[in-house]
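Q: Could we go through this structure together? I would like to begin with one loop and then move on to other parts.

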Amino acid sequence: MSVTQPPLRSPEIRRLEPVLEPGHTYASVTDKIAAVVLTRPLGIGWLAGFTLAFLVVMLLFISIAWLVIKGVGIWGINIPIGWGFAIVNFVWWIGIGHAGTLISAILYLLNQKWRTSINRFAEAMTLFAVACAGLFPLIHTGRPWMAYYMFPYPSTMGIWPQFRSPLIWDVFAVSTYGTVSLMFWFVGLLPDLATLRDRAKKRYQQVIYGILSMGWRNSARHWHRYQSAYLLLAGLATPLVLSVHTVVSFDFAVAIVPGWHTTIFPPYFVAGAIYSGFAMVLTLAIPLRKAYGLEDFITMRHLDNMAKVMLATGLIVAYGYFVEFFMAFYSGNKFDVFLANQRLHGPYSHFYFALILCNILTPQLLWFEKVRRNVLALFLMSLVINTGMWLERFVIVVISLTRDFMPSAWGRYSPTFWDYSTFIGTLGLFVMLIFLFVRGLPAIAIAEMRELVHESHGEKGHE
Amino acid sequence: MMEHSSHLHGILGEFETPEQLLTAAKKARAAGYKHLEAYIPFPIEGLAQAIGFRWTAVPLITLIGGIGGGLTGFGLQYWCSAISYPLNIAGRPLNSWPAFIPVTFELTVLGASIFAVVGMLALNKLPQPYHPVFNVERFARASTDRFFLCIEARDPKFNLAESARFLQELSAQHVTEVKDEA
């Protein structure tokens, strides 16, 4: 008859673990998040990190300048491997962006409360990742100033883009994605910019946040329209994010090259995108919460949930790899069978095995709660998965292009210094933008945190 | 009397909890006030309705933007491929509509999103750098932890002394006049 307390580590207790540590008020969450931007002095860690990232961005500028001077011949691409690092990096970066939209839009529609403290910087991550991604198609033409040829404009030549080509779909998908992500992010920021304006003590801060907040005054009517627009944007961003990596996968799947021409590509590209995106969110969230003492807001529950999403999407990706092999042998198409064997035994097989290790084997550790609750292990895991997803794109692009139908058309690919410097340069650009973002804008959505405080008080009231 | 009210925007009552504000808003509405506005640090369910706000055009504007974007997307591709520069490639159809779907879809989303955001801002009359409520010093807390109800001077039932007393009776902690200095 006696009702016993559930043991401490039982699932009942775990489910109650808060998305926000108890004891916070409207003012305390506002203070804590706004202080990172408004009052906290620049630490040595921030300055050192920013300087390093800035230097790497200089490397990017030098690489692009050299590319413009010499042309794409400075890269390792050749015939038949016309697509090298540029496409690998493009697909990798755009995939990383997907987690931001997933967190801010899909989890919003599903009413997942735990998204609140991570959505803002995940959206920022999306924007910066899309900026890095967009750079590659632009510069891989070798003449980036001609990029406007891709858009349908009335030219004196009287011709139009080929709308039946996935490369043109890509232009529309990525530019729409970038624009919608930017608007979604800005709309989310609007009330927080007003909060910063109201709390700013220094004149320049008042002016900057005053202009950016557009005179937002927290009117109930404004909030009503705001919520309506935000919900609609979330509903629009959800199919959009699924379409973007689908269209990216069409770049491959519509071609007849063995290893690319498969129907599994769209779903498995989308799953892979979310997989790598969540890994990148963890890579950023773990140092961020530590550096700015935000453990109350980004709790173990968030890290645990993200680890579970990674585990789930990682299994979908593993299924994708399996289906690729299965279909190659099931179809009996000799080019597909040959390519599958090339992945296992060809000149780039070590990339393939490294990919399996990073993307399929290591993440299985996430089944264990001990690993999901070990912050350092999660951080390392996120780096492993990011590496694995980069390798996946390398395997897809390079192995297929080096081994297509005719032995006379086979080739080899080895990246040059400039391939690496451009890629590392975009990593620097990404990190630098993140550094600027955490000090210039609230990294956690303040108004949504206040709402969360309100709701958690409400929950207490019902007990 | 007219001279006086042209400089007075309204009267602002400050509340400590969202529940107090919601009750106050409902009572003010019941008392016959029509021009009410609430200022709150986060959206509160039912408050917009309580101050007499019924319908927002944002979804309709978004729908129009989406339809417009989609038609533009398909129309663009159809016109370019079938009218402006038709290319006969082995007799394949010029209006190859399945291949036009991705761009049509993307432009539908783009059109709807831009209309949603711009429509929301336009209906809210933003950007608007100046508003009389900003003259009240304590109003800065509307973006942190205080909940404000404003009875506007243009309300036919508005009377400075009476409305102030009304707000105080509704447990408003501070009641302040909002002056329009523009």
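A: This is a predicted model. A:Asn111 sits in the loop that runs between α4 and α5 of chain A.

Q: Is A:Asn111 buried or exposed?
A: A:Asn111 is exposed, because 7 other C-beta atoms lie within 10 Å, and a residue counts as exposed at 12 or fewer.

Q: What is the phi of A:Asn111?
A: Phi of A:Asn111 is near 60°, which is a positive value in a residue other than glycine.

Q: And what about B:Ala90, where is that found?
A: B:Ala90 is in the loop between α4 and α5 of chain B. Its phi is positive too, near 55°, and B:Ala90 is not a glycine. B:Ala90 counts as exposed, since it has 4 C-beta neighbours inside 10 Å.

Q: Staying with the backbone, which peptide bond to A:Pro80 is cis?
A: The bond from A:Ile79 to A:Pro80 is cis, with omega near 15°. A:Pro80 belongs to the loop between α3 (44-70) and α4 (85-109) of chain A. In chain B, a cis peptide bond joins B:Leu126 and B:Pro127, with omega about -5°. B:Pro127 lies in the loop between α5 and β3 (147-152) of chain B.

Q: Changing topic: how many residues does each chain give to the contact?
A: Chain B gives 50 residues and chain A gives 47 residues. On the side of chain B that touches chain A, the elements giving two or more residues are β2 (36-39), α3 (47-50), α4 (58-84) and α5 (97-123) of chain B.

Q: Which of them gives the most?
A: α5(B) does, with 15 residues. The residues on this side of chain B comprise 35 nonpolar, twelve polar and three charged.

Q: Which residues does B:Phe42 touch?
A: Leaving aside residues up to four places away in sequence, B:Phe42 touches A:Ala447, A:Arg450, A:Glu451 and A:His454. B:Phe42 is located in the loop between β2 and α3 of chain B. B:Phe42 counts as buried because it has 21 C-beta neighbours inside 10 Å, and the cut-off for buried is 20 or more. B:Phe42 and B:Ser143 are 101 residues apart in sequence, while their C-alpha atoms are 7.9 Å apart in space.

Q: Back to chain A: how do the axes of α2 and α6 cross?
A: Helix α2 (residues 26-38) and helix α6 (residues 166-199) of chain A have axes that come within 11 Å and cross at roughly 75°. The two helices, α2(A) and α6(A), are therefore roughly perpendicular to each other.

Q: Which residues make that contact?
A: A:Thr30, A:Ala34, A:Val37 and A:Leu38 come from α2(A), and A:Thr195, A:Leu196 and A:Arg199 come from α6(A). They divide into four nonpolar, two polar and one charged.

Q: What is the span of α10 of chain A?
A: Helix α10 (residues 300-331) of chain A has 32 residues and reaches 46 Å from its first C-alpha to its last, close to the 46 Å expected at 1.5 Å a residue. A:Gly332 follows α10(A) and has a positive phi, near 75°.

Q: Finally, where is confidence lowest in chain B?
A: Confidence in chain B is lowest in helix α1 (residues 2-7), at a mean of 53, and highest in α5(B), at 96. Over residues 1-5 of chain B the pLDDT is below 50. Where pLDDT is low, the predicted coordinates should not be read in detail. Chain B averages a pLDDT of 89, and the model scores ipTM 0.92 and pTM 0.90.

Notes:
Residues are numbered from 1 along each chain as its sequence is written. Chains are lettered from A and ligands numbered from 1 in the order in which they are written. This is a predicted model: local features need pLDDT of at least 70, side-chain atom pairs count only at pLDDT 80 or more; totals for chains, interfaces and linings use all residues. Two residues are in contact if their C-beta atoms, placed from the backbone, lie within 7 Å. Helices (H or I, at least four residues) and strands (E, at least two) are DSSP runs, numbered from the N terminus. Ala, Val, Leu, Ile, Met, Phe, Trp, Tyr, Cys and Pro count as nonpolar, Asp, Glu, Lys and Arg as charged, and the others, Gly among them, as polar. The expected span of a helix is 1.5 Å times one less than its number of residues. Axes are lines fitted to C-alpha atoms, for helices over the stretch in contact, and angles run from 0 to 180 degrees between N-to-C directions. Angles under 35 degrees count as roughly parallel, over 145 as roughly antiparallel, 65 to 115 as roughly perpendicular and the rest as oblique. pLDDT is the predictor's confidence in each residue, from 0 to 100.
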